[in-house]
Amino acid sequence: MSVPISDSELQEIESRTQAATPGPWYVRFLDDAYAANLVAVGTAPDTGRHERWPRWHGNELVAATLIQSPEPYVVGSDDRWDENAAFMAHARSDVPRLLAEVRRLRALLGNPHRDDAECG
């Protein structure tokens, strides 16, 4: 059974969402002189050309899930770097939509304001 989310928790989630780099975010497959393989999340769409730096700008990147040169030195514990990058990229637009849906459904239920006391 899941624990209900309070209004203050929803606000905390929304605050983190608003504080993050604006979206949309995209999965990027890149390369550079040091990283033979770079899977990242960025604010620019992937071109499918595995650009080498400086043809991509570091300020477009939000996170990396794999950096390899030739051995991986930034890598997830389960080799799901593509899947993790996709999750992060989609979370940038999914989380605001989910927050809006929770609030919409609460309003339909006639319970738009759940205080913290109800959720414990």
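Which residues is Leu66 in contact with, leaving aside its neighbours within four places in sequence? In this predicted model, local features need pLDDT of at least 70 and side-chain atom pairs count only at pLDDT 80 or more, while totals for chains, interfaces and linings use all residues. Residues are numbered from 1 along each chain as its sequence is written, and side-chain values use heavy atoms, with hydrogens and water left out.

With contact taken as heavy atoms within 4.5 Å, Leu66 meets Asn37, Leu38, Val39, Pro72, Val74, Val75 and Trp81, neighbours within four places in sequence being set aside. Helices (H or I, at least four residues) and strands (E, at least two) are DSSP runs, numbered from the N terminus. Strands pair if DSSP finds at least two bridges between them, and S3 (residues 61-68) does so with S4 (residues 72-75) in the antiparallel sense, over three bridges. Leu66 stands opposite Val75 of S4, and three residues lie between the two strands of this hairpin.

A second hairpin is made by S1 and S2, with six residues between them. Here S1 (residues 26-30) and S2 (residues 37-42) are antiparallel and share five bridges; Phe29 has Val39 in S2 as its bridge partner.

Turning to the interior, a nonpolar core is a set of buried Ala, Val, Leu, Ile, Met, Phe, Trp, Tyr and Cys residues joined through side-chain atoms within 4.5 Å. Buried means under 20% relative accessible area, exposed over 50%, and partly exposed in between (1.4 Å probe, protein chains only). The largest such core has seven residues: Trp25, Val27, Val39, Val41, Leu66, Ala85 and Ala89. At least two residues of this core come from S2, and at least two from helix H2 (81-108). Another core, of six residues, lies apart from it and includes Leu30, Ala35, Ala40 and Trp56. In soluble globular proteins, nonpolar side chains tend to be buried together.

Thr43 sits in the loop between S2 and S3, and counts as partly exposed because its relative accessibility is 31%. Residues up to four places away in sequence aside, Thr43 touches Thr21, Pro22, Pro24, Trp25, Tyr26, Glu60 and Val62. Thr43 and Ala89 are 46 residues apart in sequence, and their C-alpha atoms are 8.9 Å apart in space.

Finally, Tyr73 belongs to strand S4 and counts as exposed because its relative accessibility is 51%.
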